Amino acid sequence: MDGFPKFLSARATAIQPSPTLAVDAKAKALKAEGHDVCGFGAGEPDFDTPEFIKEACIQAIHDGKTKYAPAAGLAELRQALADQFVEEKGVASCAPSQVVVSPGGKYSCYLAIQAVCNPGDEVLIPAPYWVSYPEMVRLAGGVPKILQTGPEDGFRLDPNALREALTEKTKLLILNSPSNPTGAVYPPELIRELVEICIEHGILVLSDEIYEYLLYDNSEHLSPASISPEAAKSVITVGGFSKTFSMTGWRLGTLMADRPIAKAVSDLQSQTTSNATTFAQYGALAAMRNWDQAMREVSDMLQVFDRRRMKLFNGLNDIPGINCFRSTGAFYLFPDIRELGVAPVDFAARLLEKKMVAVVAGEGFGSQTGIRLSYATSDDVLEKGLGRLKEFVEEEFSA
Ligand SMILES: Cc1ncc(COP(=O)(O)O)c(C=O)c1O
């Protein structure tokens, strides 16, 4: 029996579960049954959290930091994040009161949307998008308006498309660079142009920068809030520790915004989760206070990611009918499979069934053009998975 549907709220029944988590769960279940699955579905680094960060957290537990913390986060951590926002990102000013530490970048995004969206407000979301944005907008009663981008334009929103989409109901534009699922990085001049259009029209920007340190091919990340004092007021910046430091299970996200927005987010958090786990925040504080050491570890991870990125990129482009865009951020590739004449969702389902290779279909990201592969996976899986993918396409799609 499916429970008592009559008791479920319209909100709960309307929500779509995360397709990326579903693929990962299915791949793990097949593995547990003894199948040799090659998983390209996971959106998390396969490295361990740096040792010194773990040690700081363990020490915090020994020191009794096991009680509630302030809702918006430890004062020292908020201060360190505010300082870094100014010194490293070049934002004109940022006080600790503009910073909220949350249980994950996902929750930072959710609260940001809850804090600014009224029912009926339109939120512009470039596709392919991270799966959670439209659902979060709907949960706030807002209306997601999807703006398509494709491999032809480097998966980047065209300023003219942004202008054309604006209405008097537009409240927010969501930018996510480097992007999940495409790995695309917006060049600084394009970020400037898009943010200036938003400022001109009184629209807020949610800039999800969770992958900001995962960059390749000398690509550059510009934090939109750093563009001008007006931008600092209009942009809500979300970040976190999950992807950069391989801390997905720690559940630690950040948010920086103009003071009234940050206060609203903090108030919402205080009534919904209280604080992010106290001792976990001490691990994050160690990363902030030993930034050079932390970045050395990230740079080691990046070298491995980059090697895998190129291996996967070249391997995919060697498969007839698959055309892969050379992404320069995060740890995803989003190859175009349109030439094969199959819907991504069917391709992914058949690939898992026939070859035990898990990828995420583009439909979950609002795209009909391709599939997402994460290269946050071992070299062995990568090689074996590529081989099976090639076999699958040859067996199923060659004329
Ligand atoms: C684009 C994007 N934003 C935010 C998040 C949330 O990260 P977390 O909640 O683990 O900090 C993710 C995780 O997959 C993501 O891909």
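A polar side-chain atom of Lys243 comes within reach of the ligand in this predicted model, lying 2.7 Å from one of the ligand's oxygen atoms. Lys106 takes part through its backbone, where a polar atom is 2.9 Å from a ligand oxygen. Taken alone, the ligand exposes 400 Å², and the protein buries 92% of that area.

| Residue | Part of the residue | Distance to an oxygen atom of the ligand |
|---|---|---|
| Lys243 | polar side-chain atom | 2.7 Å |
| Lys106 | polar backbone atom | 2.9 Å |

Which residues are the closest to the ligand? They are Gly105, Asn180, Asp208, Lys243 and Arg251, out of 13 residues that surround the ligand. The ligand takes up the space of the largest pocket.

**Aromatic rings**

Let us turn to the rings. The model holds 18 aromatic pairs. One of them is Phe155 with Phe334: the ring centres are 5.7 Å apart and the planes stand at 90°, and because planes over 60 degrees apart count as edge-to-face, this pair does too. Where do the two partners sit in the chain? Phe155 lies in the loop between strand S4 (143-148) and helix H7 (159-165), while Phe334 lies in the loop between strand S9 (332-333) and helix H13 (344-355), so the pair ties together parts that are 179 residues apart in sequence. Are these two residues buried or exposed? Phe155 has a relative accessibility of 4% and counts as buried, because the cut-off for that word is under 20%. Phe334 is buried as well, with a relative accessible area of 2%.

Elsewhere, Phe47, Tyr211, Tyr216, Phe305, Phe331, Tyr332 and Tyr375 form one aromatic cluster. Tyr332 belongs to strand S9 and is buried, with a relative accessible area of 0%. A polar contact of 2.6 Å joins the side chain of Tyr332 to that of Tyr211, and both residues are members of the cluster. Tyr332 also shows how sequence and space can part ways: Thr182 is 150 residues away in sequence, yet the two C-alpha atoms are 6.0 Å apart.

**Residues of helix H12**

Helix H12 covers residues 291-317 and includes Phe313. With 12% relative accessibility, Phe313 counts as buried. From C-alpha to C-alpha, Phe313 is 28 Å from Lys106, and 207 residues separate the two in sequence; Lys106 is the residue whose backbone has a polar atom 2.9 Å from a ligand oxygen. Val298 lies in helix H12 too. Val298 is buried, at a relative accessible area of 2%, and its C-alpha is 8.9 Å from that of Ser246, which is 52 residues away in sequence.

**Backbone features to look at**

Most peptide bonds are trans, and most residues other than glycine have a negative phi. A few places in this model depart from that pattern, and they are worth a look.

Ala127 and Pro128 are joined by a cis peptide bond with omega at about 0°. Pro128 is placed in the loop between strand S3 (122-127) and helix H6 (132-139). Another cis peptide bond joins Ser177 and Pro178, with omega at about -10°. Pro178 falls in the loop between strand S5 (170-176) and helix H8 (188-200).

Positive phi values turn up as well. Asn218 has a phi near 60° and sits in the loop between strand S6 (204-208) and helix H9 (229-234). Ala330 has a phi near 55°, again a positive value in a residue other than glycine, and is placed in the loop between H12 and S9. How does accessibility compare for these two, buried or exposed? Asn218 counts as exposed, at 80% relative accessibility, whereas Ala330 counts as buried, at 0%.

Terms used: Residues are numbered from 1 along each chain as its sequence is written. This is a predicted model: local features need pLDDT of at least 70, side-chain atom pairs count only at pLDDT 80 or more; totals for chains, interfaces and linings use all residues. Side-chain values use heavy atoms; hydrogens and water are left out. Rings of Phe, Tyr and Trp (its six-membered ring) pair if their centres lie within 6.5 Å; planes under 30 degrees apart count as stacked, over 60 as edge-to-face and the rest as tilted. Helices (H or I, at least four residues) and strands (E, at least two) are DSSP runs, numbered from the N terminus. Buried means under 20% relative accessible area, exposed over 50%, partly exposed in between (1.4 Å probe, protein chains only). A residue is near a molecule or strand if one of its heavy atoms lies within 4 Å of it. A polar contact is a pair of N or O atoms within 3.5 Å; within protein, one must be able to donate a hydrogen and the other to accept it, and residues adjacent in sequence count only if both atoms are side-chain atoms. Accessible areas come from the Shrake-Rupley method with a 1.4 Å probe; for residues, only the protein chains shown count as cover. On a 1 Å grid over the protein atoms alone, a cavity is a set of points where a 1.4 Å probe fits but cannot get out, and a pocket is an open set with protein on both sides within 12 Å along at least five of seven lines; lining residues have an atom within 4 Å of a point. A molecule sits in a cavity or pocket if more than half of its atoms lie within 2 Å of its grid points.
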